[in-house]
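Try each task on your own before you read the solution.

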Amino acid sequence: MPEEHRASQTQIPVKLYIKTVIYHPESTEPEKYELIVFGQYQRTATASYLRYQEVLEAGTVNTTVKIAHNDREMMILRNGAIKMRMVFRPNTPVSGTYHAPHGYMEIVTEAKSFAHEHNNNTNEGTIKLKYDLSMQETLAGTYNLEIKYKEERK
């Protein structure tokens, strides 16, 4: 980890547009969420990071999205009112955790696909992730997550 810190650049302020579409097994209509927030983008020798805050009814949640440069792993960490750790590896079920005000649950994610594109000249990019999420060994849904970000210049 110390090596990663030496290679890190300054955090770049970005505006994020986050869209999530969830296909539940028992429903014909997908659930859709859209969010616009401000955060930071940072690139190190081994990974890229997006960090942002969400204000929910339960309280504030700090979210970090980490994308390994080898395109073999992606991680979403949430801390605050909700604590969650989800790891994504292509076509591989991975255990994670979800802590909410109502309790703790084990979750399993299986990435169907993910991609990250970043333009170093404009400091903008896109993250696309499609995954299955299971809670307590039951499929909760298939999630399509798209995050678009762009440097917020003053």
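**Exercise 1. The largest pocket**

How much space lies in the largest pocket? Find the residues closest to its centre and the strands that supply its lining.

*Solution.* Please keep in mind that this is a predicted model.

Step 1. Start with the volume: the largest pocket holds about 740 Å³ of space.

Step 2. Assign the lining to strands. At least two lining residues come from each of E1, E2 (31-43), E3 (47-56), E4 (59-68), E5 (74-80), E6 (83-88), E9 and E10.

**Exercise 2. The largest nonpolar core**

Which residues have the most contacts inside the largest nonpolar core, and which strand gives the most to this core?

*Solution.* Step 1. Recall the background: in soluble globular proteins, nonpolar side chains tend to be buried together.

Step 1. The largest nonpolar core has 32 residues, and Leu16, Leu50, Val65, Phe88 and Leu129 have the most contacts inside it. Strand E1 (residues 12-23) gives the most to this core, namely five residues.

Step 2. Pick Phe88 and list its partners, leaving aside neighbours within four places in sequence. Phe88 is in contact with Arg72, Glu73, Met74, Ile76, Thr109, Ala111, Phe114, Leu129 and Tyr131.

**Exercise 3. Aromatic pairs**

How many aromatic pairs are there, and why does the pair of Tyr131 and Tyr143 count as stacked?

*Solution.* Step 1. The count comes to three aromatic pairs.

Step 1. Check the geometry of the tyrosine pair. The ring centres of Tyr131 and Tyr143 are 5.1 Å apart and the planes lie at 15°, so the pair is stacked. The cut-off needed here is that planes under 30 degrees apart count as stacked.

Step 2. Look at accessibility. Tyr131 is buried at a relative accessible area of 6%, and Tyr143 also counts as buried, at 13%.

**Exercise 4. Two polar contacts**

Which side chain makes a polar contact with His116, and which with Gln53?

*Solution.* Step 1. Find His116 in strand E8 (residues 103-119). Its side chain is joined to that of Tyr149 by a polar contact of 2.8 Å.

Step 1. Widen the view around His116. Not counting residues up to four places away in sequence, His116 touches Tyr41, Ser48, Ile67, Thr126, Ile127 and Tyr149.

Step 2. Move to Gln53, which lies in strand E3 and is partly exposed, with a relative accessible area of 46%. The side chains of Gln53 and Asn62 make a polar contact of 2.9 Å.

Step 3. Outside four places in sequence, Gln53 touches Val37, Phe38, Thr60, Val61 and Asn62.

**Exercise 5. Loops and backbone angles**

Where are Asn91 and Gln136 found, and are they buried or exposed?

*Solution.* Step 1. Asn91 sits in the loop between E6 and strand E7 (93-100), while Gln136 is in the loop between E9 and E10.

Step 1. Asn91 is exposed, with a relative accessible area of 52%. Gln136 is exposed too, at 52%.

Step 2. Inspect the backbone. Asn91 has a positive phi near 55° without being a glycine, and Gln136, also not a glycine, has a positive phi of about 50°.

Step 3. Now take another loop residue: Asn123, between E8 and E9. Asn123 counts as buried, at 14% relative accessibility. Beyond its neighbours within four places in sequence, Asn123 is in contact with Ile12, Val14, His118, Tyr149, Lys150 and Glu151.

Note on methods: Residues are numbered from 1 along each chain as its sequence is written. This is a predicted model: local features need pLDDT of at least 70, side-chain atom pairs count only at pLDDT 80 or more; totals for chains, interfaces and linings use all residues. Side-chain values use heavy atoms; hydrogens and water are left out. A nonpolar core is a set of buried Ala, Val, Leu, Ile, Met, Phe, Trp, Tyr and Cys residues joined through side-chain atoms within 4.5 Å. Buried means under 20% relative accessible area, exposed over 50%, partly exposed in between (1.4 Å probe, protein chains only). Helices (H or I, at least four residues) and strands (E, at least two) are DSSP runs, numbered from the N terminus. Contact means heavy atoms within 4.5 Å. A polar contact is a pair of N or O atoms within 3.5 Å; within protein, one must be able to donate a hydrogen and the other to accept it, and residues adjacent in sequence count only if both atoms are side-chain atoms. Rings of Phe, Tyr and Trp (its six-membered ring) pair if their centres lie within 6.5 Å; planes under 30 degrees apart count as stacked, over 60 as edge-to-face and the rest as tilted. On a 1 Å grid over the protein atoms alone, a cavity is a set of points where a 1.4 Å probe fits but cannot get out, and a pocket is an open set with protein on both sides within 12 Å along at least five of seven lines; lining residues have an atom within 4 Å of a point. Grid points are joined across faces, edges and corners, and a volume is the space filled by probe spheres set on the points.
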